[in-house]
Amino acid sequence: MTNIDAEIYSEFKCKADKCNHSCCKGWEIDIDEDTLGYYKSLDSELGNEIRQNIHEGEDTFFKLTDDKRCPFLKDSGLCKIIEELGEDGLCDICRLHPRFFEDINDYSLAGVGLSCEKASELLFEKHSLNFIICDSEKTIDFQNLLKLLGIDISQDYLNLTNKLPEYLNEDKIEEILDIFYITEPIDSNWKNEVLLIKRNYPDYLNNLDDQFIKKFELIYQYILFRQLELTLDYGVKKIVDYAIYSIIFIMLYANSFHDDVEAVRRWSEQIEYNEDNIDIILNSIEGD
């Protein structure tokens with residue numbers, strides 16, 4: 001098995017207390033079996049506190065506070081477990097998030113999910129989407145990664161400024177926004193945000209010029225990268241359309257709320273981290 005990392009995977013470093021959207025809020029934090037055993041063995045005040053904040057059952061997880069925060073997230077934005085035990089004291093999901101891994105043929109791919117604002121910031125700083133073959137430390141671009149994986153996506157499909165205009169008509173955008181509206185909402189604001197975009201998007205279409213679209217091209221390609229495994233089940237065309245639908249939504253969100261990074265992060269937590277919502281979009285896309 002050959003390991004290939006997205007370039008931003010090796011560059012990623014948690015922003016901790018500098019993050020505007022802590023992953024320690026609003027998410028159920030599962031505890032793996034090995035870490036649970038470690039927590040049970042801790043003979044300390046912190047060990048007692050940890051055990052008091054664990055729910056054990058079919059699923060084992062930290063009991064969130066009334067405002068949906070991890071009980072060990074301090075007001076400073078830092079983690080009490082890391083401060084006292086180091087990163088080795090974290091459960092797997094906390095230690096690895098937002099990293100993801102997937103295997104395709106004889107290759108193991110690693111990246112970071114875009115629900116983390118730092119991951120989006122790293123991509124917006126890039127001029128090309130690159131990957132590192134770990135054994136040789138050789139750097140390749142996305143097109144060459146696809147060749148290695150044996151996945152046939154033409155350069156025309158990767159060029160967002162060439163591909164996107166055929167989707168930028170009102171009927172298609174209405175269809176896309178309707179699909180995003182019916183996805184299972186992550187919170188009470190989601191549907192209202194989609195309705196706001198739906199109401200105002202005609203005023204934003206003129207802002208979707210080549211310069212604005214080009215800014216999101218690597219985000220689009222990275223969305224494709226994240227779902228390459230699904231080409232085996234859905235085919236290349238549906239995965240490309242999924243990425244195009246997603247990037248159109250992201251750009252309209254960015255135009256509506258004037259924050260490019262937040263648009264990517266918001267889309268990701270709603271769609272990328274919910275397999276059912278990914279399926280809703282893919283199953284709503286007409287086949288070839």
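This is a predicted model: local features need pLDDT of at least 70, side-chain atom pairs count only at pLDDT 80 or more; totals for chains, interfaces and linings use all residues.
Close-up 1. With a relative accessibility of 22%, Glu121 counts as partly exposed; the buried class needs a value under 20%. Setting aside residues up to four places away in sequence, Glu121 touches Lys15 and Val261. The side chains of Glu121 and Lys15 are joined by a polar contact of 3.0 Å. For a sense of how the chain folds back here, look at Arg265 as well: Glu121 and Arg265 are 144 residues apart along the chain, yet their C-alpha atoms are separated by 9.9 Å.

**Close-up 2. Helices H10 and H11 side by side.** Two packed helices are described by the angle between their axes and the distance between the axes. For helix H10 (residues 170-181) and helix H11 (residues 190-204), the axes come within 10 Å and cross at roughly 175°. Angles over 145 degrees count as roughly antiparallel, so H10 is roughly antiparallel to H11. On the H10 side, the residues in contact are Glu170, Ile173, Glu174, Leu177, Asp178, Phe180 and Tyr181. H11 meets them with Trp190, Lys191, Val194, Leu195, Ile197, Lys198, Tyr201 and Pro202. Sorted by class, the contact of H10 with H11 holds ten nonpolar residues, five charged residues and no polar ones.

**Close-up 3. The two faces of helix H2.** Helix H2 covers residues 33-41, and its buried residues are Thr35, Leu36 and Tyr39. Viewed down the axis of H2, these buried residues fall within an arc of 105°, so they line one face of the helix. What do the buried residues of H2 pack against? Their partners are helix H3 (45-52), strand E2 (54-55), strand E3 (61-62), helix H4 (80-85) and helix H5 (92-96). Turn to the face of H2 directed away from its buried side, and you will find the exposed residues Glu33, Asp34 and Ser41.

**Close-up 4. Arg69, an arginine in a loop.** Arg69 lies in the loop between E3 and H4, two elements that also pack against the buried residues of H2. Is Arg69 buried or exposed? Its relative accessibility is 15%, so Arg69 counts as buried, the cut-off being under 20%. Leaving out neighbours within four places in sequence, Arg69 is in contact with Cys24, Lys25, Leu64, Lys74 and Asp75.

**Close-up 5. A cis peptide bond at Pro98.** The peptide bond running from His97 to Pro98 is cis, and its omega is near 5°. Pro98 belongs to the loop between H5 and strand E4 (99-104). H5 is also one of the elements against which the buried residues of H2 pack.

Close-up 6. Glu137 has a phi near 60°, a positive value in a residue other than glycine. It is placed in the loop between strand E6 (130-133) and strand E7 (138-141), and at 64% relative accessibility Glu137 counts as exposed. For His258, phi is likewise positive and near 60°, again in a residue other than glycine. His258 lies in the loop between helix H15 (236-257) and helix H16 (260-272). With a relative accessible area of 69%, His258 is exposed.

Notes: Residues are numbered from 1 along each chain as its sequence is written. Side-chain values use heavy atoms; hydrogens and water are left out. Buried means under 20% relative accessible area, exposed over 50%, partly exposed in between (1.4 Å probe, protein chains only). Helices (H or I, at least four residues) and strands (E, at least two) are DSSP runs, numbered from the N terminus. The arc is that of the directions from the helix axis to the C-beta atoms. Contact means heavy atoms within 4.5 Å. A polar contact is a pair of N or O atoms within 3.5 Å; within protein, one must be able to donate a hydrogen and the other to accept it, and residues adjacent in sequence count only if both atoms are side-chain atoms. Axes are lines fitted to C-alpha atoms, for helices over the stretch in contact, and angles run from 0 to 180 degrees between N-to-C directions. Angles under 35 degrees count as roughly parallel, over 145 as roughly antiparallel, 65 to 115 as roughly perpendicular and the rest as oblique. Ala, Val, Leu, Ile, Met, Phe, Trp, Tyr, Cys and Pro count as nonpolar, Asp, Glu, Lys and Arg as charged, and the others, Gly among them, as polar.
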